[in-house]
Amino acid sequence: MQDQIQNLPKRAKDKHKENKAFFAKLRKKPPKQLDYLMQELHEDEFERTDCLECANCCKTTGPLFTDKDIDRIAKFFKMKPQKFIETYLRVDEENDFVLKSVPCTFLGADNYCSIYDVRPKACREFPHTDRKKFQQISNLTLKNVAICPAAFNIVENMKKRISV
């Protein structure tokens, strides 16, 4: 798995132009059954992929924290939301709450998340490959294929299954 993770940025960069062109066409004319296909590809991939072997998303990027996320996680820690913000978060260039640093503060050495049951929405939905109207998040997907081996594989399988 480590080899796969190390080679992922280069592999994603090599495929970037091809993927960008594919997604541009997909946005113009998405297939009728795209949501069903993405669900199927996502489920098939995650039957083979164990996120606990990887956790590259948690090691290299930080999620956005919504107000609901902050309230839920602060409650879990028995903290006031403002104290949680001061302790763990900062405001980024786009005025969103994000982690002060990566790897994620809540990631253990065993790749387990210490707040898994109350984790942010962005973490629960990552890598967003089973999202409805998938064609609308192509820019996000282009970033995620360089972070997540499963997202990379899903996009490669998607290109084999859909002719645009």
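The structure holds ten salt bridges, a salt bridge being a side-chain nitrogen of Lys or Arg within 4 Å of a carboxyl oxygen of Asp or Glu. Please note that this is a predicted model, in which local features need pLDDT of at least 70, side-chain atom pairs count only at pLDDT 80 or more, and totals for chains, interfaces and linings use all residues. Residues are numbered from 1 along each chain as its sequence is written, and side-chain values use heavy atoms, with hydrogens and water left out.

Let me turn to one network. Salt bridges link Lys15, Glu18, Glu156 and Lys159. Between Lys15 and Glu18, the closest N and O atoms are 4.0 Å apart; both residues lie in helix α1, three residues apart. Helices are DSSP runs (H or I, at least four residues), numbered from the N terminus. Lys159 and Glu156 meet at 2.8 Å, N to O. These two are separated by about one helical turn because they stand three residues apart in helix α8.

How does burial compare here? Lys159 counts as buried because its relative accessibility is 15%, whereas Lys15, at 26%, counts as partly exposed. Buried means under 20% relative accessible area, exposed over 50%, and partly exposed in between (1.4 Å probe, protein chains only).

Finally, the core. The largest nonpolar core has 23 residues; such a core is a set of buried Ala, Val, Leu, Ile, Met, Phe, Trp, Tyr and Cys residues joined through side-chain atoms within 4.5 Å. Helix α8 provides its largest share, six residues.
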